[in-house]
Amino acid sequence: MSLQILSLGGNQIIEVPENVGHLTSLQALVLSDNLIEQLPASITKLKNLRSLLLHKNRLKTLPTQIIKLKCLTELSLRDNPLVVRFVRDMTLQPPSLLELAGRTVKLHNIPIETGGIPKTLINYLQAAQCCVNPKCKGVFFDNRVEHIKFVDFCGKYRIPLLQYLCSSKCITGSWESREVDSNPHPHMMRKVLLG
């Protein structure tokens, strides 16, 4: 027998554990009236999830991967900072020399000979993440820019999702107008409760 409904509302929960993604038969997840500030990326593994109640929390953004939940038909977000007001906290620290060197190697496809650099640097270079701006070919390692992108879920509501960019220069530009809503999915949510 697999768990289909999990109700944890009103329990002063601060963090949702990453292993929530193991509950693959879950159809309803109630996390309302808690102190949750972010959801784990593993939420995308809940392929059967139909109802996700997150109202009365401290959520400022939702993980981008939430749009992969094709069965999700109800999402309750009211009384969260992401609904009450748009929050943009952009504290950008300059990249380290290691980060700048790593970006240069990846951007220019500089070949690395086996034994030419320590294994730790090879592992570092393999950890590069691509910028989500389709017009940018940049990568980042530890230094990234957090950016809020509003995504249209069902033609009426736009909710902020957190994404990472390689530079603050990637925030501006016409690429943002071609968001997820330019390629609508037939499995859009039927109910998004914001107020």
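Glu-99 and Arg-103 stand four residues apart in helix H2 (residues 97-107), so about one helical turn separates the two. Helices here are DSSP runs of H or I with at least four residues, strands are runs of E with at least two, and both are numbered from the N terminus. The two residues form a salt bridge, in which the closest N and O atoms are 3.0 Å apart. The term requires a side-chain nitrogen of Lys or Arg within 4 Å of a carboxyl oxygen of Asp or Glu. By that rule, a search of the whole structure finds one salt bridge. Side chains of opposite charge can pair when their charged atoms come close. Glu-99 is buried, with a relative accessible area of 1%, and Arg-103 also counts as buried, at 16%. Buried stands for under 20% relative accessible area, exposed for over 50%, and partly exposed for values in between, with a 1.4 Å probe and protein chains only.

## Basis of the model

The structure is a predicted model, in which local features need pLDDT of at least 70 and side-chain atom pairs count only at pLDDT 80 or more, while totals for chains, interfaces and linings use all residues. Residues are numbered from 1 along each chain as its sequence is written, and side-chain values use heavy atoms, with hydrogens and water left out.

The pLDDT is the predictor's confidence in each residue, on a scale from 0 to 100. Its mean for the protein is 79, and 76% of the residues reach 70 or more. A contact means heavy atoms within 4.5 Å. Residues 173-186 likewise stay under 50, and the model gives them 22 contacts beyond four places in sequence. Where pLDDT is low, the predicted coordinates should not be read in detail.

## Overall architecture

The protein has three helices and ten strands. From the N terminus on, the elements run β-β-β-β-β-α-α-α-β-β-β-β-β. Of the 195 residues, 38% count as buried. Among contacts with a separation of 6 or more, 43% join residues 24 or more positions apart. The protein exposes about 11700 Å², of which carbon and sulfur atoms supply 53%; this area comes from the Shrake-Rupley method with a 1.4 Å probe.

## Nonpolar cores and the aromatic pair

A nonpolar core is a set of buried Ala, Val, Leu, Ile, Met, Phe, Trp, Tyr and Cys residues joined through side-chain atoms within 4.5 Å. The largest has 23 residues, and those with the most contacts inside it are Leu-29, Leu-39, Leu-49, Leu-52, Leu-54 and Leu-62. Apart from it lies another core, of seven residues, including Phe-140, Val-145, Leu-165 and Cys-166.

One aromatic pair is counted. Rings of Phe, Tyr and Trp (its six-membered ring) pair if their centres lie within 6.5 Å; planes under 30 degrees apart count as stacked, over 60 as edge-to-face and the rest as tilted. Tyr-124 and Phe-141 form a stacked pair, 4.4 Å centre to centre with 15 degrees between the planes. Tyr-124 lies in helix H3 (residues 119-126) and Phe-141 in the loop between strand S7 (139-140) and strand S8 (145-152), so the pair ties together parts that are 17 residues apart in sequence. Tyr-124 counts as buried at 13% relative accessibility, and Phe-141 is buried at 6%.

## Individual residues

Asp-33 is found in the loop between S2 and strand S3 (51-53). Although not a glycine, Asp-33 has a positive phi of about 60 degrees. Beyond residues up to four places away in sequence, Asp-33 touches Gly-9, Gly-10, Asn-11, Gln-12, His-55, Lys-56 and Asn-57. Asp-33 and Asp-79 are 46 residues apart in sequence, and their C-alpha atoms are 9.2 Å apart.

Asn-109, in the loop between H2 and H3, also has a positive phi, near 50 degrees. Ser-76 lies in strand S5 (residues 74-76). The C-alpha atoms of Ser-76 and Ser-32, 44 residues apart along the chain, are separated by 8.5 Å.

The table gives the accessibility of these residues.

| Residue | Relative accessible area | Class |
|---|---|---|
| Asp-33 | 44% | partly exposed |
| Asn-109 | 65% | exposed |
| Ser-76 | 1% | buried |
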